[in-house]
Amino acid sequence: MLIRCVIWVGLLVSNAVLAASFTEAEFEQIRAEIRTTSAQSPLVAIKVTDEMLTRHDKQLSTRQKIRLLYGKAWFQIQTDNIEEAIVTLSQCKKMSAEVSDPTILFSYYSLTAGALTRMSMYERALENYLESYRLAGLMDTELYLRQTENNIGNVYLKLGRFTDARVYFERFYEDARDRELPQQMGVGLNNLGEAYFGLGEFDKALELHTKSLALREEHNLTYHSSWSHHNLGKTYLALDKPELAKQHLIAAVELRKQSNAEADSIGPQIELVRLKIAQGAKEDLVPLLNDVIALSDKYERFQEKVDAYQLLVDYYQQIQDWKNALQAADLYMQSKFDFLQRQAETGVAFYAAQMNLAMKERDIAKLTQENAVYQLHTQAAKDQLVLVLIAAIIIVVLILYFMRRIKAKNQALTETLQNLKATQKQLLESEKMSAMTTLVSGMAHQLNTPLGLVVTSASCLEDKLKEISSLLSDQKLSAGQLKAFLEEASEMLTLTANNSSRAAELIARFKMVAATLDASEAVHFDVLEYLKQRAELIVQSLDKPTELDVFGESVQLYSHPETLLKVVSQLVNNSCSHGFINQASGNISIEIIDEGEVIKLVYQDNGVGISETDQQQMFDPFYTSQLGQGKLGLGLNIVYNSVVQVLKGEISYVHQSGGAKFVILIPKAHA
């Protein structure tokens, strides 16, 4: 026995040594390695960060893990993987409950605001920046306050609130000047210049941008000086000094390319094209604009792509090439629609992440309440034991007295427990309403785009109809005008029909999320025979060649056959959409097994399977591994609701090395 104890102690000590937490110096070495990698490629830095988190999982503290994940989120924002960045930040928010450090939450709101700003969702970004500003005020450091004020000023700049932006930029610049921080001073002067430019005070803007450029060149801030050149180019263009504007814009492009910031060179290139169009350039600007568009596609700069197509339309109109102008206008509208769709997808990802956080927080609150009740019971047991010991020592006369006290305490504890249960029920109802509100917001956000396009198309068609009616009444309607009206009306009606169908499809898919689900009447049927008969119909409806094999035992079931078919069809569609994404064809098998009171359906495909990360949330509504590719993330949620709520069964996922495997248990006698 002694030897066994010594061995256990030795194992515990060795494990403690192996899993010793990193010191701050050791942790900084890891961050330095990741920073070195990020200088080469943010995508590689994301991969290295994941490797570090996996390799050193036992040695990293929760705070250190969060800091690494914040770095990963920043790299994802740099590469415009906004949806993934929001998921990473939500993971950090959930972990932050274990760390009592206000800088952790400050970083969460700042990075979330940065991600939303990247997608031009400025109002939502402003809400997060204001929250980080509130937290910065609690940290007793001016640095965080001033930096957040600068970020808020930038959002106000994008929203056109130039006076408000100027106030925040002035505070940031004065703080940087007092601290003698040249880089921050250059940023402050540059941002103030942009604010005055927005206010139309171009001479003041010119003065500030000139000072910013001189300061940055004096301290060899090469990349930062490119922003001063860019803004000077725009300012000289506003002051009708095209040659000076051209010099600075060319300098901005060259400096950013030299700094390996090719994506940031798109902006000044667009300004150069705008300058040439304004000067009535005779050269062919189409190749230059096509290069800018290709560069915008490469780096997923949606707003710059929209601006480039707008310039292409302006150029064709200037040279009176109406056919190409119309084609360019179509591409402009498509690129603008793509940008709005990306914003909508990011909004859905943001709300889905917020809803998931709310559900996790509800679970934590529930566990906390259960623990509190347990502690109350434990304390009551201790009190009773003490009373029994005292009663054994004290004379018999005092026994009745202490028994009365015990009874009183038990009654008080019972009332307390009842109050806790009532409070718990209220909290659960509140959380349900919160989750429902978030879900409805997500649905409304999805429907906003197609319905908005329908309303816009209808309004435009009404205006065009009034215009053509007026021309007809005045007998001024030409054949060309009538033809143009008919073409435009056809396009608008097509756009209205497409988006109406899209809205109807979304509504139909949202209705399937309901927990009760529409179910046919329960009937007796043979599961094996029923699924074999409909397997061919399921396969015929698929876009990808798929072999579906249904086999097993012949079992009679009293339940809802159409709901069971819906579950199988949804799983097959899920396999084709996600599992066979890298395959030309796929194989799916469904085995029916009789297990007494229940039947077991084993569904298995030969696709890529489901990652362990996705397995944790795969049944949640609006969760999908292909967010941003037209997927709403409702398929497996519908499957789960159908099995649990209608078929009164259970569904689980079995992790394996290859392919996806689901096990469904359904009672033979439907309750």
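Student: Hi! Which residue does E650 stand opposite in β7?
Tutor: Hello! E650 stands opposite L665. Keep in mind that this is a predicted model.

Student: Okay, and how do β6 and β7 pair, parallel or antiparallel?
Tutor: They pair in the antiparallel sense, over four bridges, with β7 covering residues 661-667.

Student: What is the strand order in the sheet they belong to?
Tutor: The order is β2-β4-β5-β7-β6, in an open sheet of five strands with mixed pairing.

Student: Why is one side of β2 and of β6 left without a neighbour in the sheet?
Tutor: Because β2 (546-552) and β6 (650-653) stand at the edges, where each has a single partner strand. As for the twist, it averages 15 degrees from one strand to the next.

Student: Which strands does helix α20 touch?
Tutor: Helix α20, residues 527-540, packs on the sheet and touches β2, β4 (586-595) and β5 (598-605). Its direction makes about 175 degrees with that of β2. Another helix, α23 (residues 635-646), lies across β6 and β7 and runs at about 140 degrees to β6.

Student: Switching to helix pairs: at what angle do α11 and α12 cross?
Tutor: Roughly 155 degrees, and their axes come within 9 Å. That makes α11 roughly antiparallel to α12. The crossing is left-handed.

Student: Which residues of α11 and α12 make the contact?
Tutor: On the α11 side they include F202, L206 and L213, and on the α12 side W227, L232 and Y236 are among them. By class, the residues of this contact divide into eight nonpolar, nine polar and two charged.

Student: What about α3 and α4, at what angle do they pack?
Tutor: About 160 degrees, with their axes 9 Å apart. These two helices are therefore roughly antiparallel to each other, and α3 passes α4 in a left-handed crossing.

Student: Which residues meet there?
Tutor: P42, A45, I46, T49, D50 and L53 in α3 meet a set in α4 that includes K65, L68, L69 and F75. The classes here are seven nonpolar, three polar and three charged residues.

Student: New topic: how many salt bridges does the structure hold?
Tutor: It holds 15 salt bridges.

Student: Which helices do R67 and E28 lie in?
Tutor: R67 lies in α4 (residues 62-78) and E28 in α2 (residues 24-40), so the pair ties together parts that are 39 residues apart in sequence.

Key: Residues are numbered from 1 along each chain as its sequence is written. This is a predicted model: local features need pLDDT of at least 70, side-chain atom pairs count only at pLDDT 80 or more; totals for chains, interfaces and linings use all residues. Side-chain values use heavy atoms; hydrogens and water are left out. Two strands pair if DSSP finds at least two bridges between them. Axes are lines fitted to C-alpha atoms, for helices over the stretch in contact, and angles run from 0 to 180 degrees between N-to-C directions. Contact means heavy atoms within 4.5 Å. Angles under 35 degrees count as roughly parallel, over 145 as roughly antiparallel, 65 to 115 as roughly perpendicular and the rest as oblique. A crossing is left-handed if the near helix is turned anticlockwise from the far one by less than a right angle, and right-handed if clockwise. Ala, Val, Leu, Ile, Met, Phe, Trp, Tyr, Cys and Pro count as nonpolar, Asp, Glu, Lys and Arg as charged, and the others, Gly among them, as polar. A salt bridge is a side-chain nitrogen of Lys or Arg within 4 Å of a carboxyl oxygen of Asp or Glu.
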